[in-house]
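Q: Before we look at the model together, could you take me through how its charged and aromatic side-chain contacts should be read?

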Amino acid sequence: MKKIITTTKAPAPIGPYNQAVLTGNTLYTSGQIAINPETGELVLDSIKEETKQVMENMKEVLAAAEMTFENIIKTSIFISDMHNFAEINEVYGLYFNEKTAPARETVEVANLPKFVNVEISAIAVK
């Protein structure tokens, strides 16, 4: 059985999907991009600010499922330019304890929704 997880503190879906789905003790999040949920505007001032907004959106989706970054076991990071990896990684790292950080993959892609520079999804377990 699956439970749909939603929060107004993260961007609403812009298609036929949900912010996250909980099945059993496992949460699958949709990819988060840097939309400010209060304004609906993209945060593209810098790659660091963009990544911070992505992570803050993820934090709110996790909270809606009564989880934190400590519950994440795997992330997928999609970026439009691998040259931004170091700055993305720097901000991403602020949200995890290095000793208990999740498994991860980082992939450069041609384009992302709304032509953003970074999108992150996660799998978390209670």
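Q: Which residue forms a salt bridge with Lys48, and how far apart are the closest N and O atoms?
A: Side chains of opposite charge can pair when their charged atoms come close. In this predicted model, Glu90 forms a salt bridge with Lys48, with 3.2 Å between the closest N and O atoms. This pair links distant parts of the chain, since Glu90 sits in helix α2 and Lys48 in helix α1, 42 residues apart. Glu90 counts as partly exposed at 48% relative accessibility, and Lys48 counts as partly exposed at 31%.

Q: How many residues apart in helix α1 are Lys59 and Glu56?
A: They are three residues apart, which means that about one helical turn separates Lys59 from Glu56, and their side chains meet in a salt bridge of 3.1 Å, N to O.

Q: Where do Lys126 and Glu66 lie?
A: The side chains of Lys126 and Glu66 meet in a salt bridge at 3.8 Å, N to O. Lys126 lies in the segment after β6 (118–125), whereas Glu66 belongs to the loop between α1 and β4, so the pair ties together parts 60 residues apart in sequence. Glu66 counts as exposed, at 67% relative accessibility, while Lys126 is partly exposed at 47%.

Q: How many aromatic pairs does the structure hold?
A: A pair of aromatic rings is described by the distance of the centres and the angle of the planes. The structure holds three such pairs. In one of them, the rings of Phe69 and Tyr95 have centres 5.2 Å apart and planes at 55 degrees, so the pair is tilted. Phe69 and Tyr95 are both buried, and together with Tyr92 and Phe96 they form one aromatic cluster.

Technical notes. Residues numbered from 1 in each chain as written. Predicted model: local features only at pLDDT ≥ 70, side-chain atom pairs only at ≥ 80, totals over all residues. Heavy atoms only, no water. Phe/Tyr/Trp six-rings, centres within 6.5 Å; stacked < 30°, edge-to-face > 60°. Buried < 20%, exposed > 50% of the residue type's maximum accessible area, 1.4 Å probe, protein only. Salt bridge = Lys/Arg side-chain N within 4 Å of Asp/Glu carboxyl O. Helix = DSSP H or I, 4+ residues; strand = E, 2+ residues; numbered from the N terminus.
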